[in-house]
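Here's a quick tour of the model, written for someone who likes cut-offs spelled out. Have the viewer open as you read.

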Amino acid sequence: MSRQNLSSMRKRLGELVRQRAACERIAMGTGPMVAASFLERIMRPGQPGPYYYLSASVDGESRHRYVPLAEAHIWRRRAERWREFSHAMARWVKLNREIEALLRSMGRERCVPLPRASARKSAQRRGRTKR
């Protein structure tokens with residue numbers, strides 16, 4: 001067991017835990033969000049616009065909802081929060097996998113080898129000696 005190796009593993013673990021905490025703060029935010037993407041469309045050049053839509057998957061199909069210009073800034077922010085939440089959760093899952101692998105590796109580093117069996121006990125188990 002290398003103390004230096006365990007020390008570097010603990011340092012890396014601390015970094016991962018801090019990154020995971022940052023993802024958790026984002027995921028536990030309190031602002032309202034909408035599970036959709038915010039789209040800006042210009043239908044034809046020269047016509048008034050742009051027009052704003054929310055795009056979401058409903059029953060496996062993409063659906064668009066028109067957003068009035070007066071409400072666009074509200075729905076844009078809600079869609080941004082959803083994107084931030086989704087990215088934070090994906091990162092959180094990845095960090096948890098890395099943390100688990102590192103903890104398992106640290107556990108293996110701390111293990112000592114099994115004691116060696118004596119020659120007499122080994123022979124007795126195989127039935128080669130008289131009692």
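## Ground rules

A contact here means heavy atoms within 4.5 Å. With that in hand, Trp92 touches Arg20, Cys23 and Glu24, leaving aside residues up to four places away in sequence.

Before going further: this is a predicted model, where local features need pLDDT of at least 70, side-chain atom pairs count only at pLDDT 80 or more, and totals for chains, interfaces and linings use all residues. Residues are numbered from 1 along each chain as its sequence is written, and side-chain values use heavy atoms, with hydrogens and water left out.

## The helix pair

Helices and strands are DSSP runs numbered from the N terminus (H or I, at least four residues, for helices; E, at least two, for strands). Two packed helices are described by the angle between their axes and the distance between the axes. Here, helix α1 (residues 3-27) and helix α2 (residues 72-110) have axes that come within 9 Å and cross at roughly 160 degrees. That makes α1 roughly antiparallel to α2. The cut-offs: angles under 35 degrees are roughly parallel, over 145 roughly antiparallel, 65 to 115 roughly perpendicular, and the rest oblique. The axes themselves are lines fitted to C-alpha atoms, for helices over the stretch in contact, with angles running from 0 to 180 degrees between N-to-C directions.

What kinds of residue make up the contact of α1 with α2? They divide into 17 nonpolar, four polar and nine charged. In that tally, Ala, Val, Leu, Ile, Met, Phe, Trp, Tyr, Cys and Pro are nonpolar, Asp, Glu, Lys and Arg are charged, and the others, Gly among them, are polar.

## Cores

A nonpolar core is a set of buried Ala, Val, Leu, Ile, Met, Phe, Trp, Tyr and Cys residues joined through side-chain atoms within 4.5 Å. Buried means under 20% relative accessible area, exposed over 50%, and partly exposed in between (1.4 Å probe, protein chains only). The largest such core has 10 residues, including Leu6, Met9, Cys23, Ala88 and Leu102. Both α1 and α2 supply at least two residues each to this core. Met9 touches Leu102, Ser105, Met106 and Glu109, again not counting residues up to four places away in sequence.

There's also a second, separate core of eight residues, with Phe38, Tyr52, Val67 and Ala72 among them.

## Along helix α2

Back to Trp92, which lies in helix α2 and is partly exposed, at 26% relative accessible area. Gly107 is found in helix α2 too, and is partly exposed at 27%. Its C-alpha is 9.5 Å from that of Leu6, although Gly107 and Leu6 are 101 residues apart along the chain.

## Loops worth a click

Val34 touches Leu54, Trp75, Arg78, Ala79 and Trp82, not counting residues up to four places away in sequence.

Most residues other than glycine have a negative phi, and most peptide bonds are trans. The peptide bond from Gly49 to Pro50 is cis, with omega near 0 degrees, and Pro50 sits in the loop between β1 (37-41) and β2 (51-58). Asp59, in the loop between β2 and β3 (61-67), has a positive phi, near 55 degrees. Asp59 is also exposed, with a relative accessible area of 77%.
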